[in-house]
There are 2 protein chains.
Amino acid sequence: MRHVTQRRKRVTQAEVARLAGVSQAMVSLVLNDSEGVRVAPETRQRVVEALRQTGYTVDIMGRRLRGKSNQIIGVFTYEAVFPSGSADFYGPFLGGIEEESEAQGFDLLLFTSPGRRQGRRKVYEEGSNRLGIADGCILLGRHTDRAELDRLVDERFPFVFIGRRESSAGPVSYVGGDYAAATAALYERLWSLGHRRVALVGYHEESESTADRRSGYLRACRRHRKTPLALTDGDPPAVFERLRADEVTAALVETTEMAAALRALATGSGLRVPEDLSIGVLGDTDPTQTSAWPLRTAPEADWTTFRIPRREMGARAVRILVAMLRGEMEPGRRTQVLLPCELVDGATVTDAPRAPRR
Amino acid sequence: MRHVTQRRKRVTQAEVARLAGVSQAMVSLVLNDSEGVRVAPETRQRVVEALRQTGYTVDIMGRRLRGKSNQIIGVFTYEAVFPSGSADFYGPFLGGIEEESEAQGFDLLLFTSPGRRQGRRKVYEEGSNRLGIADGCILLGRHTDRAELDRLVDERFPFVFIGRRESSAGPVSYVGGDYAAATAALYERLWSLGHRRVALVGYHEESESTADRRSGYLRACRRHRKTPLALTDGDPPAVFERLRADEVTAALVETTEMAAALRALATGSGLRVPEDLSIGVLGDTDPTQTSAWPLRTAPEADWTTFRIPRREMGARAVRILVAMLRGEMEPGRRTQVLLPCELVDGATVTDAPRAPRR
DNA sequence: GTCAAGCGGTAATACGTATTACCATGGGCT
DNA sequence: AGCCCATGGTAATACGTATTACCGCTTGAC
C-alpha cells in the first residue's frame, strides 16, 4: 500500500525557473508582462511551457506581502451576525457590505473569535486589538461600548461605523440613517392629517439613534409651536394611560415592539387603530434587542413607518472605508453621512378623529 | 494648520523593537511565548510596554508566509452569502458556522474579492488559489465547479464541503444531509398510508444531492417490489399528465417550486391535494436556484417534507475542519458525514384514496 | 579600434514574521 | 588562572513574489 504523499508543497516560481533554466525573476517577469522589460520570445516560450508543466499558481500571500496590503476588510458586530432566530437584523447591512466589497476587490473578515463578555463581543481582549489584521474595519451593533470606541479612535485605526456614533476622543466616520429628518417628516404627515396632539414614545437610554429621533420630534414640535410630549419607556400600561390622559391622537413610537404593545392596549380599551389612535413607527429597529416591551408581535402588521436603507448604508460604509485605505481622503478628516429614510405608508395612520376623545 | 499624520502605516515588529531597544527577534519571542527560550523579565516588560504603546497587531500575511496558522477559517460560497432578495439559503449554514467557530476561537474570512465568471464566484482566479489566506476553508454552494473541486483536492488544501461531493481526484471531506434515508423514510410513510403508486419528480441533472434522493427512492421501491417511476423535469404539464396516466396517488417532489406547480395543476384539474394526490417535498432546497418551474409559491404552504439540519451541518463542518487543522486526523484520511433529516408532517400528505382514480 | 547603445537576462533586495544557531558576559568551580 | 556552563540576547535565514539596478554581450557608428 502506497503511503499517501504528505501535504504537497506549493510549486514556486523558483522551481519553475529551475525547470526552464532561468532565474526566478524571469518567471515573475513573464507572469506579469511588465511593460518596458524585454524578454526574448524563445525564453518566454520556455517559461510558459514550464509553467504549464508544473501547474504553477501564484501564492497570494507572497504577492500581498510585497504589496503591503492584504485586501481584507474586517467586519465587527457586537452580536452574532447570523442569529438562530428568524430575526434578521444584520442581514441587509451585510448584504450591502458584501456586494460593495466584492466590487472593490476586498475579502471580508468576520470577527467571531474575540472574547465575549456576558454574551457580548469585545474588540479589545487582553489588550490587543485583533481588528488590526484587517486593513480597515466596519463596525455594527446597537450595543456599542463607549470605552472601546474611544480607544479605537485614539489608535487611528481606519474604521467606519454603521449608525451615527460620537466619541469624546475625536471625530468618528459613520454612515447612519437620517432619523431626525424622517421623524420630523412623519410628524408633518400626521400634522397634515389633522393631528394636533402627537406624542413620542421611545427609549429612555440615550443612544445616538434615540437622540436623533427625539431631536427630529422636538424640531417638528417647535416648528408648529406645540409642547412636546416625550414618554420614555416605563411600563406600557403607564405609557398608554398617559396618552389617554393627554388626549393624544397620534403616537410616534420608536420600535415595532412598543407599537404592537400599544396597539394591543388600545384595542383592549375599545380604541380602534388607526381611527381613534394613529401610530407611526420610527423605523424598524433591531428586532433582536431585549426590552421591557412584549416581544411577540403580529408579523404581518402593516405599520406606517420609514424604511431604513440598510443595504445602502452597508455599501456606502465600504466605499468610505476603501477611500480611506487608498489614501484618497484628506488624512485626519472623517466622513459622516446620514442617508435619507423613505416614508412607508401603512395601515396604522389615518385622519385625526373629529371630536376629541374623552 | 497642522498637517495630520498620513495614512497609518502598519506597525511592524521591527518598529516595536526599535522603541523597546531590542531586536525584532526578541519582540517575536515575547509575542509567541516560545517555550525553552529565556527572556529577562525586565526586557519582557519593556517589550510589552512598547507593544501597548504602538498598538501592534500581527500581520497575517507575514505570519502565514512563514507557515504559521492565523486562527482564521475561510468560507467560500459560489453565490453571494447575503442575497438582496429575501430568499435566505446560506443563512442557517452560516449561523452554525459562526456559532461553532466562535466557540473554537476562529475568525471567519468570507471570500468576496474578485473572480466572478458569469455571475458565479471562482476559487481560482488567474490560476491562483485565494483560499490560502485562511488556515482552512469551508465551501458551500449548490453550483459546484467540478474542475475547481478536483484541483482543490489535488492541492491538499484543508477544506470541508457542506453537502456531499465526489471528486475523481480523491476523497473529499464533507458534511451532508442524509437525503437518501430521508427520502426512503418519506416513501415508507406514504406506503403505510396505503399509497401503492408513488412517483419521484426531480431534477434531471445529476448533482450528488439529486442522486441521493433518487437512490433513496429506488431503494424503497426495491424493498416493496414496486416498479419505480422517476420523472425528471421536463415541463410541468407533461409531468402532471404522466402522473395521471399512471394513476399515481402520491408524488415525492424534489423542491417546493416543483411541488407548488404540481399542486396548482392538480387543483386546476379538479384534483384535491392531499385527498386525491399526496405530495411530499424532499427537503426545502435552495430557494434561489433557477429552474423551469414557476418560482412563485404560496409561502404559507404547509408541506409535508423533511428538515435539512442546516445549522448543525455548518457547526459540524467547522468541528471537522478544526480537527484537521489541529492535526488530530490521520493525514490523507477524509471525514464524510451525513446527518439525519427529520420528517416534518405537513398538510399535503394523507391516506391514499380508496378507489383508483380514472 | 573604441565607444555607445540596445538587448536579454540575473543578482539583489524588500516585504513581516518565526526560529535556529550563535555570541557575549559573568559567575561558580576546580 | 583556566574552564564550563547558564543566561540573555542578536544575527541570520527562510518563506514567495515583484522590482530595480546592474552586468555581459553584440552590433553599429564613427
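This is a predicted model: local features need pLDDT of at least 70, side-chain atom pairs count only at pLDDT 80 or more; totals for chains, interfaces and linings use all residues.
Helices are taken as DSSP runs of at least four residues, numbered from the N terminus. By that assignment, Gln53(B) lies in helix H3 of chain B. Leu19(B) is 34 residues from Gln53(B) in sequence. In space, the C-alpha atoms of Gln53(B) and Leu19(B) are 9.4 Å apart.

Helix H3 of chain B spans residues 41–54 and packs against H2(B). A packed helix pair is described by the angle between the two axes and the distance between them. For H2(B) and H3(B), the angle is about 90 degrees and the axes are 10 Å apart. Angles of 65 to 115 degrees count as roughly perpendicular, so H2(B) and H3(B) are roughly perpendicular to each other. On the H2(B) side, the contact is formed by Met26(B), Val27(B) and Val30(B). Thr43(B), Arg44(B), Val47(B) and Val48(B) meet them from H3(B). By class, the residues of this contact are 5 nonpolar, 1 polar and 1 charged.

Chain A was examined for its own H2 and H3 pair. H2(A) packs with helix H3 of chain A, residues 41–54, at an angle of about 90 degrees. The axes of H2(A) and H3(A) are 10 Å apart. H2(A) is therefore roughly perpendicular to H3(A). Met26(A), Val27(A) and Val30(A) of H2(A) make the contact with Thr43(A), Arg44(A), Val47(A) and Val48(A) of H3(A). The contact of H2(A) with H3(A) comprises 5 nonpolar residues, 1 polar and 1 charged.

The surroundings of the DNA strands were then considered. Around DNA strand C there are 29 residues. Ala40(A), Thr43(A), Ala25(B), Asp59(B) and Gly62(B) come nearest. H2(B) provides the largest share, 6 residues. The surface near DNA strand C divides into 12 nonpolar, 9 polar and 8 charged residues.

DNA strand D has 26 residues around it. Those that come nearest are Ala25(A), Asp59(A), Gly62(A), Ala40(B) and Thr43(B). H2(A) gives the most, with 6 residues. This surface has 11 nonpolar, 9 polar and 6 charged residues.

Chain A has 11 helices and 16 strands. Of its 358 residues, 42% are buried. Among contacts in chain A with a separation of 6 or more, 73% join residues 24 or more positions apart.

In soluble globular proteins, nonpolar side chains tend to be buried together. The largest nonpolar core here has 86 residues. Ile138(A) and Ile138(B) touch the most other members of that core. Helix H11 of chain A, residues 310–325, contributes the largest share of this core, with 9 residues. Residues up to four places away in sequence aside, Ile138(A) touches Ile73(A), Val75(A), Ile97(A), Phe159(A), Val160(A), Ile162(A), Ala317(A), Val318(A) and Leu321(A).

Terms used. Residues are numbered from 1 along each chain as its sequence is written. Chains are lettered from A and ligands numbered from 1 in the order in which they are written. A residue is near a molecule or strand if its C-beta atom, placed from the backbone, lies within 6 Å of it. Helices (H or I, at least four residues) and strands (E, at least two) are DSSP runs, numbered from the N terminus. Ala, Val, Leu, Ile, Met, Phe, Trp, Tyr, Cys and Pro count as nonpolar, Asp, Glu, Lys and Arg as charged, and the others, Gly among them, as polar. A residue is buried if 20 or more other C-beta atoms lie within 10 Å of its own, exposed if 12 or fewer, and partly exposed in between; C-beta atoms are placed from the backbone. Two residues are in contact if their C-beta atoms, placed from the backbone, lie within 7 Å. Axes are lines fitted to C-alpha atoms, for helices over the stretch in contact, and angles run from 0 to 180 degrees between N-to-C directions. Angles under 35 degrees count as roughly parallel, over 145 as roughly antiparallel, 65 to 115 as roughly perpendicular and the rest as oblique. A nonpolar core is a set of buried Ala, Val, Leu, Ile, Met, Phe, Trp, Tyr and Cys residues joined through C-beta atoms within 7 Å.
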